[in-house]
Structure formats: C-alpha cells, structure tokens
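Work through the exercises below with the structure open beside you, and try each task before you read its solution.

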Amino acid sequence: MPNSRNISKLSSCGGKFWLIAAGFGLLLTVVTPQLRADDKKPDAPKADDAATNRAARKLVHKIDPIYPQDLKRRSIGGVVKLDLKISASGNVEKIEIVGGNPILADSAAQAVKKWQYAPASASSSMVLNVEFNPNR
C-alpha cells in the first residue's frame, strides 16, 4: 500500500503533467484549425477563365421584378440568387435559380430575362442577387 510521501510525489508530478498536457491541447486547438484552413484554400483561378467568364458586365436596360402583393402585404421578402449566362451581344441567355423563396425567384427570373447588358467580345456568366424588401 502506498504511503503518503509516495502519493504526494505522484500528485505533484501528475499536476505538472496535466498542466503541460492542457497547454499542448490548447496549442493544438489554436494551430490545427488554421493549418486545415490553409490546406482548403483553393488554387488561384486562371486569369483567362475567371476574368473572361465571370467578368462584370455593364447593365444597359433593367426591368424591376414584380413583387407579389400577397408576399409584400405579409412582409415576406428576401434575396434571390441567380446564376446568369449573358451572350456576347448582351442578352440574358440562361438563368439558373441558385437560392431564395421560389415565388420571389420566379418573379426575379422573369424580370432579369428581359435585362440587357453591354456587348462584349465573348459570352460571360455572373451571379446576381435580387433583393425583395417589403418596406420599400
């Protein structure tokens, strides 16, 4: 059976061990997520792909979407996210609804389909957020 002198030696050594272990654990919780975040950073896109394909185009003609009165009256609003493909001549060729209330998204897509952008040398694509604010 251990005597009190041996127990105090063990507890003093154990206390130092736990202090070191806690410090090491704290270090890992701070450093490890940063290392993982660095690993997940995407490679830089090629200049010709990103600049040409996702270049901002100047909007020449805009039609506001129709805000459904039932939703506006009930103060239901939000943001609709659309992915657009714009032809070289500036017409909106394709619209993909990425997010938002389906009723608002349909209204936004119908309006954006009629928008006209400035001509460019090639077709491009862009992500567009259309806001519906019931307080306006």
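The exercises that follow concern a predicted model, and each is followed by a worked solution.

**Exercise 1.** Find the residue that caps the N-terminal end of helix 4, and then list the buried residues of this helix and what covers them.

**Exercise 2.** Decide whether the aromatic pair is stacked, tilted or edge-to-face, and state where in the chain its two members lie.

*Solution.* The structure holds 1 aromatic pair. The ring centres of Tyr 67 and Phe 132 are 5.3 Å apart and the ring planes stand at 90°, and because an angle over 60 degrees counts as edge-to-face, this pair is edge-to-face. The pair links distant parts of the chain, since Tyr 67 lies in the loop between strand 1 (59–61) and helix 3, whereas Phe 132 lies in strand 5, 65 residues apart. For burial the cut-off is under 20% relative accessible area, so Tyr 67, at 13%, is buried, and Phe 132, at 4%, is buried too.

**Exercise 3.** Describe the lining of the largest pocket.

*Solution.* Start with the volume of the largest pocket, which is about 280 Å³. Its lining consists of 14 residues, with Asp 64, Pro 65, Val 130, Glu 131 and Arg 136 nearest the centre. Sorted by class, the lining has 7 nonpolar, 2 polar and 5 charged residues, and strand 5 supplies the largest share of it, 5 residues.

Note on methods: Residues numbered from 1 in each chain as written. Predicted model: local features only at pLDDT ≥ 70, side-chain atom pairs only at ≥ 80, totals over all residues. Heavy atoms only, no water. Buried < 20%, exposed > 50% of the residue type's maximum accessible area, 1.4 Å probe, protein only. Helix = DSSP H or I, 4+ residues; strand = E, 2+ residues; numbered from the N terminus. Contact = heavy atoms within 4.5 Å. Polar contact = N/O pair within 3.5 Å; in protein donor to acceptor, adjacent residues only side chain to side chain. 1 Å grid on protein atoms, 1.4 Å probe; cavity = no way out; pocket = protein on both sides within 12 Å on 5 of 7 lines; lining within 4 Å. Points joined across faces, edges and corners; volume = space filled by probe spheres on them. Nonpolar A, V, L, I, M, F, W, Y, C, P; charged D, E, K, R; others polar. Phe/Tyr/Trp six-rings, centres within 6.5 Å; stacked < 30°, edge-to-face > 60°.
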